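Thanks for coming. Please take a look at the structure on the screen, and then I will go through it.

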Amino acid sequence: MKPSTKAQKILTQIGGINTKLGDLRIIAKDIKNDHELAMELWATTGFFARQLAILIMDKKQLSEEAIDDLISDINQHEDSEKLQLIDWLMANQLMKDKASTALITSWENNPSSLKRRVYWYYQARLRWMGKIQPDSEELLFKIEKEIENEEPEVQWAMNFTTGWIGVYEKKHRNRCVAIGEKTGLYKEQMVSKGCTPDYLPEFIAIECEKRKL
């Protein structure tokens with residue numbers, strides 16, 4: 001189906017390779033919620049169009065079936081776009097609704113690696129502002145058992161969760177550092193200036209120093 005005039009106008013605005021997330025947020029702020037338009041943009045399959053669509057979706061219309069369809073579509077993108085889209089969907093929609101948040105908590109062992117990534121990234125986001133969660137020890141047992149055999153996109157989220165547990169929960173800090181030393185994940189990672197490496201011994205040390213923990 002040919003996009004509406006409104007959708008075509010927006011697609012013209014975001015069609016360039018220099019489109020930035022800030023540009024999409026400005027457009028989305030002007031549109032607010034428009035689920036029909038969001039679905040039009042989503043149907044074009046474009047990366048920027050789908051990012052904008054996520055921002056203007058109506059979370060109340062995201063049933064479990066609708067979320068499954070979105071995730072299936074996201075899985076068709078190349079890896080870098082796929083991970084940006086699934087994280088964007090989680091942060092801007094799924095975490096803002098009690099029903100979809102409840103779904104996230106059921107995805108720990110889901111066959112979809114993207115859903116498992118969301119489960120673990122959600123656990124990290126619960127912790128990265130310093131809010132202690134009651135199940136950290138249980139999660140660490142699971143991470144120790146499973147992280148080395150997980151898909152790369154899930155490993156990263158599990159590693160990120162471990163990092164924030166190590167930063168804010170001193171009683172688990174040495175254990176979290178040991179997980180990083182054992183797995184060696186991201187040990188040789190090069191990061192931009194000002195960014196924190198994902199290698200757990202470095203991540204935990206740097207983030208603890210920032211916060212004087």
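I will start with the overall fold and then turn to the aromatic rings.

Keep in mind that this is a predicted model.

What about its overall size? The C-alpha atoms fill a box of roughly 60 × 35 × 30 Å along the principal axes. A compact globule of 213 residues would have a radius of gyration near 17 Å, and the protein has 19 Å, which agrees. Of the 213 residues, 48% count as buried. Take the contacts between residues at least 6 apart in sequence: 61% of them join residues at least 24 apart.

On to the rings. A pair of aromatic rings is described by the distance of the centres and the angle of the planes. How many aromatic pairs are there in the whole structure? The search finds 11. One of them is Phe-47 with Phe-48, a tilted pair at 5.5 Å centre to centre, with 45 degrees between the planes. Phe-47 counts as buried because its relative accessible area, 15%, is under 20%. Phe-48 has 21%, so Phe-48 is partly exposed.

Tyr-119 and Trp-120 form an edge-to-face pair, 5.2 Å centre to centre and 90 degrees between the planes. Both of these residues are buried.

Lastly, ring pairs link Tyr-121, Trp-128, Trp-156, Phe-160, Trp-164, Tyr-168 and Phe-203 into a cluster.

Technical notes
Residues are numbered from 1 along each chain as its sequence is written. This is a predicted model: local features need pLDDT of at least 70, side-chain atom pairs count only at pLDDT 80 or more; totals for chains, interfaces and linings use all residues. Side-chain values use heavy atoms; hydrogens and water are left out. The radius of gyration is taken over C-alpha atoms; the globule rule is 2.2 Å times the number of residues to the power 0.38. Buried means under 20% relative accessible area, exposed over 50%, partly exposed in between (1.4 Å probe, protein chains only). Contact means heavy atoms within 4.5 Å. Rings of Phe, Tyr and Trp (its six-membered ring) pair if their centres lie within 6.5 Å; planes under 30 degrees apart count as stacked, over 60 as edge-to-face and the rest as tilted.
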